[in-house]
Amino acid sequence: MSASSVPPGEPLGKPLDEPDPQPPAGQPPMIRIVDVDKHFGPLHVLKGINLEVGKGQVVVVLGPSGSGKSTLCRTINRLEPIDSGIIEVDGQALPAEGKALARLRADVGMVFQQFNLFAHKTIVDNVMLAPVKVRKLPAKQARATAMELLERVGIANQAQKYPAQLSGGQQQRAAIARALAMRPKVMMFDEPTSALDPEMVQEVLDVMITLARDGMTMFVVTHEMGFARRAANRVVFMDEGEIVEDATPDEFFTAPRTARAKDFLGKILTH
């Protein structure tokens with residue numbers, strides 16, 4: 001798809017080998033997390049988390065199972081409430097509830113492990129539903145944008161099919177298109193390929209790499225080391241509810257600073 005057909009509000013053109021995008025002086029980061037703590041009962045799952053994600057940055061969060069990665073991802077649009085600390089999106093503190101929270105969630109696209117598509121609606125109807133219901137776009141405009149996005153993720157020819165008629169990889173690409181249809185300021189991915197058959201993983205990663213090149217701010221929880229190397233501006237490594245390392249991909253993969261990161265990479269990269 002040409003740049004001119006990308007829906008308004010989505011930035012373009014950040015090559016992956018450029019330095020980290022830096023916001024202009026005085027401009028807030030897209031995501032700001034300060035001293036965030038979170039418990040599940042007696043389990044302390046997030047411990048004093050401090051993290052900033054600049055506009056246009058791709059931050060990949062790695063770590064062993066149970067390290068708090070997905071919980072952190074889900075706190076950023078308040079799918080999981082926090083016990084203490086501050087979370088801001090584009091300079092605005094997370095509202096506790098109500099219409100203000102709904103507006104913020106509309107600006108934060110979320111792609112989960114499971115596709116969560118409506119089984120009784122066609123793919124194009126799934127993609128256009130939220131813009132019509134939440135953004136109040138006219139149906140004709142929403143459908144045109146949905147078709148552009150399905151073209152962008154490579155499944156425009158599946159638009160009139162139902163989710164059960166698509167492969168897992170195609171359904172996940174439809175879920176990405178659905179999130180993009182809201183013209184989000186930031187895209188959150190929580191293990192987007194973990195439920196896919198191995199042969200379907202790359203088609204989803206290719207779409208995510210294209211989004212990174214186009215300058216979308218992305219927060220990605222994943223075990224896909226190749227994606228982290230290719231697309232990330234920064235790699236954040238978590239273990240036991242803490243951020244242990246925050247480095248460039250080259251620094252993290254070639255010279256991790258901590259024993260915990262070295263042990264993790266030793267297990268991941270040798271299997």
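Student: Happy to be looking at this with you! Which glycine just after α4 takes a positive phi?

Tutor: Good place to start, and keep in mind that this is a predicted model. Helix α4 covers residues 139-152. Just after α4 comes a residue with a phi of about 85°, and that residue is glycine 154.

Student: Within what arc do the buried residues of α4 fall, seen down its axis?

Tutor: Let's list them: Ala142, Thr145, Ala146, Leu149, Leu150 and Arg152 are buried. An α-helix has 3.6 residues a turn, so residues three or four places apart point the same way. The buried residues of α4 therefore line one face of the helix, within an arc of 150°.

Student: What covers the buried residues of α4?

Tutor: Those buried residues include Leu149 and Leu150. Their cover includes three helices: α3 (123-133), α5 (168-180) and α6 (198-213).

Student: Which residues touch the most other members of the largest nonpolar core?

Tutor: This core has 55 residues, and its largest share, nine residues, comes from α6. Leaving aside neighbours within four places in sequence, methionine 218 is in contact with residues including Met208, Leu211 and Ala212. The residues touching the most other members are Ile176 and Met218.

Student: Is strand β3 largely enclosed or open?

Tutor: Look at both faces: Val58, Val60 and Leu62 are buried on one side, and Val59 and Val61 on the other. Since five of the five residues of β3 are buried, the strand is largely enclosed.

Student: Which residue in β9 is the bridge partner of valine 60?

Tutor: Strands β3 and β9 (residues 234-239) run parallel and are joined by four bridges. In β9, the partner of valine 60 is valine 235.

Technical notes
Residues numbered from 1 in each chain as written. Predicted model: local features only at pLDDT ≥ 70, side-chain atom pairs only at ≥ 80, totals over all residues. Heavy atoms only, no water. Helix = DSSP H or I, 4+ residues; strand = E, 2+ residues; numbered from the N terminus. Expected span 1.5 Å × (residues − 1). Buried < 20%, exposed > 50% of the residue type's maximum accessible area, 1.4 Å probe, protein only. Arc of directions from axis to C-beta. Contact = heavy atoms within 4.5 Å. Core = buried A, V, L, I, M, F, W, Y, C linked by side-chain atoms within 4.5 Å. Pairing = 2+ DSSP bridges.
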